[in-house]
Amino acid sequence: MSLPKGLAEEVSRNLVMVARLIDEDPEQAYAYSRIALRLASRVAAVREAAGFAAYATQKYSEALAEFRAAKRMTGSVELWPVMADCERGLGRPERALAMAGEPEVQKLDKAGQVEMRLVAAGARRDMGQLDAAIVTLQSPELASNSVQPWTARLRYAYADALLAAGREDEAREWFAKTVEADKDGAMDASDRLAELDGVEFVDALGGDEPDDLDIDADDEDDEQDAAEVAAAERASDQAEYYDEDDEEYEPLERSAADADLDATDEIAVVEDEDEAQDRDKA
């Protein structure tokens with residue numbers, strides 16, 4: 001609303017393209033975000049979109065700068081977890097852990113707090129602290145039987161951490177719980193579970209490629225005379241697309257092949273007339 005109408009529409013179109021492409025083609029989404037940023041760098045939504053586009057392309061330093069700018073403009077802390085994850089991407093897990101203990105975390109909603117917990121556990125793993133990562137993920141949200149938007153990701157992270165620590169039986173249990181919560185099948189928990197159970201998937205349609213079939217076909221049946229085919233196609237096109245009653249009607253040009261066919265037909269007609277005359281004389 002702070003932009004002139006024409007500029008606002010142009011910026012909006014670029015932001016829409018960022019949202020559409022960020023999962024399928026993050027590089028292209030990033031390109032659109034740069035256009036929007038050039039047009040309206042003082043709009044918080046633009047800075048946030050540019051941050052997520054940079055984040056998706058692993059440009060963590062740039063993403064962090066954009067998220068910080070958006071936070072200054074809005075005063076909101078909702079980007080705090082992804083900012084901490086940018087610190088991880090920059091190879092600074094200790095900074096991400098420090099952010100997990102900042103007062104901003106208490107201002108996050110439940111989804112944001114769970115996201116912050118995931119980031120903190122990831123930072124622990126980055127530092128080789130597997131047991132600490134497992135403890136970090138243990139929470140009321142993990143123990144709850146209710147399924148929330150974050151449930152599958154939280155369970156998956158916990159199962160993966162258990163597996164990394166060599167606790168396979170527990171990992172199998174939590175991968176199975178992840179499958180139950182992942183209604184959309186967005187995660188590969190079922191594959192991880194099958195791998196732990198030693199299940200191998202076989203492509204039922206796979207196997208050796210069939211040998212090339214040796215087909216003997218009569219050339220006269222497989223290959224028609226090119227001139228006849230071309231003439232037939234042109235005749236069909238003219239019948240379908242041209243109307244002689246139309247003032248703009250222009251008949252298609254006749255080819256040499258058409259002339260040859262007509263000449264053949266005329267010869268056949270003359271021969272038939274000669275034969276008829278011979279029969280009359282007889």
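What percentage of the 282 residues in the protein chain do buried residues make up? In this model, buried residues account for 29% of the 282 residues, where buried denotes under 20% relative accessible area, exposed over 50%, and partly exposed the range in between (1.4 Å probe, protein chains only). The model is predicted, and local features therefore require pLDDT of at least 70 and side-chain atom pairs pLDDT 80 or more, whereas totals for chains, interfaces and linings use all residues. Residues are numbered from 1 along each chain as its sequence is written, and side-chain values use heavy atoms, with hydrogens and water left out.

The protein chain contains 15 helices and zero strands; helices (H or I, at least four residues) and strands (E, at least two) are DSSP runs, numbered from the N terminus. The chain exposes about 18800 Å², of which carbon and sulfur atoms supply 46%, as computed by the Shrake-Rupley method with a 1.4 Å probe, with only the protein chains shown counted as cover for residues. Among contacts (heavy atoms within 4.5 Å) between residues at least 6 apart in sequence, 48% join residues at least 24 apart.

Helix α4 spans residues 60–74 and has 15 residues. From its first C-alpha to its last, α4 reaches 21 Å, close to the 21 Å expected at 1.5 Å a residue, the expected span being 1.5 Å times one less than the number of residues. The buried residues in α4 are A63, L64, E66, F67, A69 and A70. An α-helix has 3.6 residues a turn, so residues three or four places apart point the same way. The cover over the buried residues of α4 includes α2 (26–39), α3 (44–56) and α5 (80–89). After α4 comes G75, with a positive phi near 80 degrees.

In the loop between α3 and α4 lies Q58, a residue other than glycine with a positive phi, near 65 degrees. Most residues other than glycine have a negative phi, and most peptide bonds are trans. Q58 is exposed, because its relative accessible area is 58%. The loop between α2 and α3 holds V43, which touches S2, L3 and M73 when residues up to four places away in sequence are not counted. V43 and S2 are 41 residues apart along the chain, yet their C-alpha atoms are separated by 8.1 Å. Within helix α2 is A31, which counts as partly exposed because its relative accessibility is 33%. The C-alpha atoms of A31 and N14 are 9.2 Å apart in space, and the two residues are 17 apart in sequence.

Open space was then examined. Rolling a probe the size of a water molecule over the atoms shows where empty space is left. A pocket is an open set of points on a 1 Å grid over the protein atoms alone, where a 1.4 Å probe fits, with protein on both sides within 12 Å along at least five of seven lines; lining residues have an atom within 4 Å of a point. The largest pocket holds about 440 Å³ of space, a volume being the space filled by probe spheres set on the points, which are joined across faces, edges and corners. Its lining comprises 24 residues, of which D85, E115, L118, V119 and R153 lie nearest the centre. Two or more lining residues come from each of α3, α5, α7 (110–126), α8 (130–137) and α10 (151–164). Helix α7 gives the most, with seven residues. By class, 14 residues of this lining are nonpolar, two are polar and eight are charged; Ala, Val, Leu, Ile, Met, Phe, Trp, Tyr, Cys and Pro count as nonpolar, Asp, Glu, Lys and Arg as charged, and the others, Gly among them, as polar.

The second largest pocket holds about 180 Å³ of space. Its lining includes A100, V105, K110, R117, T136 and E141. Here too α7 supplies the largest share, six residues. The lining divides into five nonpolar, three polar and three charged residues.

T136, one of these lining residues, is found in helix α8. T136 is buried, because its relative accessible area is 17%. Leaving aside residues up to four places away in sequence, T136 touches R117, A120, A121 and R124. Helix α10 contains Y158, which counts as buried because its relative accessibility is 6%.
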